[in-house]
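The stops below proceed from one selection to the next.

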Amino acid sequence: MANQVEPKLIKPLYDELQKERFVTLATVDFETGGPNVNAISWVLAKNEETLYFAVDNRSRIVQNINSNNKVVLNIIANESTYSIAGEASVKAEKMEGVPLKLALMEITVKEVRDVMFYGSKITVEPQYDKTYDKDAAARLDKQVMEAMKKA
């Protein structure tokens, strides 16, 4: 049975993308033309057709997107794994209200696919801990997420 393909985020994914969480982002490497995958956590669904994420504005991710705007964001949620394909761009080279030099990136969603292998479900979603100052991390996370919500 073929997996369902949607043109925009389904409600469970939209809801999951209202907070910081672990996702991976695939881009096309600007030097090699090959795939490049990064783990990121500052991601937000602005609406069902638009995602924002924040990365250091010197990141290879930014260079890759400036060279080729095709991206895939992978998320484990709703007992499955989803591939969110779209076109990305730099919405702001430096986010307002954030002490770091972070770029605000925007993804226009083109396709959402459930890519979990047949006959299975995710029973435990990935979790992570910040390994630096927990209070500083919490403050920064709050600043970044609030700035994305205001954008």
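A residue is called buried under 20% relative accessible area, exposed over 50%, and partly exposed in between (1.4 Å probe, protein chains only). The model is predicted, with local features requiring pLDDT of at least 70 and side-chain atom pairs counting only at pLDDT 80 or more, while totals for chains, interfaces and linings use all residues. Residues are numbered from 1 along each chain as its sequence is written, and side-chain values use heavy atoms, with hydrogens and water left out.

**Stop 1: helix H3**

Select residues 134-150, which form helix H3. Helices (H or I, at least four residues) and strands (E, at least two) are DSSP runs, numbered from the N terminus.

Next, colour Ala 137, Leu 140, Asp 141, Val 144, Met 145, Ala 147 and Met 148, which are buried. These residues lie on the same side of H3, because they cover an arc of only 160 degrees around the axis (the arc of the directions from the helix axis to the C-beta atoms). An α-helix has 3.6 residues a turn, so residues three or four places apart point the same way. On the face turned away from the buried side, select the exposed residues Asp 135, Arg 139, Lys 142 and Lys 150.

**Stop 2: the nonpolar cores**

A nonpolar core is a set of buried Ala, Val, Leu, Ile, Met, Phe, Trp, Tyr and Cys residues joined through side-chain atoms within 4.5 Å. The largest one has 26 residues; select Leu 17, Leu 51, Phe 53, Leu 73, Ile 75 and Ile 84, which have the most contacts inside it. Elements giving two or more residues to this core include helix H2 (60-67), strand S5 (50-56) and strand S8 (102-114). S8 contributes the most, with five residues.

Now centre on Phe 53. Leaving aside residues up to four places away in sequence, its contacts include Leu 25, Trp 42, Ile 61, Leu 104 and Met 148. A second, separate core of 13 residues includes Leu 102, Leu 104, Val 144 and Met 145.

**Stop 3: salt bridges**

The whole structure contains 14 salt bridges, each a side-chain nitrogen of Lys or Arg within 4 Å of a carboxyl oxygen of Asp or Glu. Begin with Asp 15 and Lys 11, whose closest N and O atoms are 3.0 Å apart. They are separated by about one helical turn, because they stand four residues apart in helix H1 (residues 11-16). Asp 15 is partly exposed at 36%, whereas Lys 11 is exposed at 55%.

Select Glu 16 and Lys 19 next: their salt bridge has its closest N and O atoms 3.1 Å apart. Glu 16, Lys 19, Arg 21 and Glu 125 are linked in a network of salt bridges.

Finish at Glu 31 and Arg 60, which meet in a salt bridge (2.5 Å, N to O). This pair links distant parts of the chain, 29 residues apart, with Glu 31 in the loop between S2 and strand S3 (35-40) and Arg 60 in helix H2. Glu 31 is exposed at 58% relative accessibility; Arg 60 is partly exposed at 31%.

Terms used
Contact = heavy atoms within 4.5 Å. Expected span 1.5 Å × (residues − 1).
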